[in-house]
Amino acid sequence: MEEYTREEVKEGLEAIGDMKAPGPDEGFTALLNKAEAEGRITGVKICPNAPSISHLLFADDSLILVRANRENAMQLQSILDMYESCSGQVINREKSAVMFSKNTGDAYRVVVKRAMHIEKEIVNERYLGLPVSVGQSKTKTFSYLKERVWKRIQGWKEKMLSRAGKEILIKAVA
């Protein structure tokens with residue numbers, strides 16, 4: 001809770017290193033956070049009392065989570081335009097896609113896609129090997145993982161591994 005000292009700031013900046021300096025993506029997060037705090041975009045909640053989430057970043061991918069309506073889409077497009085002009089980076093619309101909840105009507109889908117200049121809609125795709133959308137039946141959604149692990153461990157019986165060896169292999173594969 002104390003004020004930062006000049007030495008602490010200098011030490012922190014020097015610890016970052018030349019190749020690890022914060023890039024323009026730090027600005028993108030700030031724009032999204034500010035828009036959500038000002039009520040210009042509405043993030044999503046997993047339940048009524050949960051905090052809202054407007055974005056998740058992983059490496060060079062950004063997952064933006066907002067309510068599917070014209071106002072949010074227009075505000076988000078405005079943020080993306082500002083980010084592009086300030087950072088010099090351009091969003092690849094061909095690699096971009098939108099995903100809607102099953103409760104989103106066709107009219108809202110069209111409006112959002114037009115406002116965002118994105119045509120591709122995600123339905124049943126995977127990201128980092130996991131399904132993007134998980135329905136009511138989690139057992140059905142993730143059954144492919146169980147099958148893959150089962151196929152991998154079938155050949156282990158011939159190898160006559162110890163119990164500890166089997167445990168290590170199961171943990172490594174799963």
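Once neighbours within four places in sequence are set aside, Thr 29 is in contact (heavy atoms within 4.5 Å) with His 55 and Leu 57. What you're looking at is a predicted model, where local features need pLDDT of at least 70, side-chain atom pairs count only at pLDDT 80 or more, and totals for chains, interfaces and linings use all residues. Numbering starts from 1 along each chain as its sequence is written, and side-chain values use heavy atoms, with hydrogens and water left out.

Thr 29 sits in helix α2, residues 25–37. Its relative accessibility is 18%, so Thr 29 counts as buried; buried means under 20% relative accessible area, exposed over 50%, and partly exposed in between (1.4 Å probe, protein chains only).

Now the whole chain. It has seven helices and four strands, in the order α-α-β-β-α-α-β-β-α-α-α from the N terminus. Those are DSSP runs numbered from the N terminus: H or I of at least four residues for helices, E of at least two for strands. The radius of gyration of the protein chain is 22 Å, while a compact globule of 174 residues would have one near 16 Å. That radius is taken over C-alpha atoms, and the globule rule is 2.2 Å times the number of residues to the power 0.38. Along the principal axes, the C-alpha atoms fill a box of roughly 60 × 55 × 35 Å. Of the 174 residues, 20% count as buried. As for contacts between residues at least 6 apart in sequence, 40% join residues at least 24 apart.

On to the salt bridges: the whole structure has four, each being a side-chain nitrogen of Lys or Arg within 4 Å of a carboxyl oxygen of Asp or Glu. Here are some of them.

| Glu 38 | Arg 40 | 2.8 Å |

Glu 121 is partly exposed because its relative accessible area is 24%. Arg 109, at 16% relative accessibility, counts as buried, and Lys 113 counts as buried at 17%.

Glu 38 and Arg 40 also belong to a salt-bridge network with Lys 34. Glu 38 is at 47% relative accessibility, so it counts as partly exposed; Arg 40, at 31%, counts as partly exposed too.
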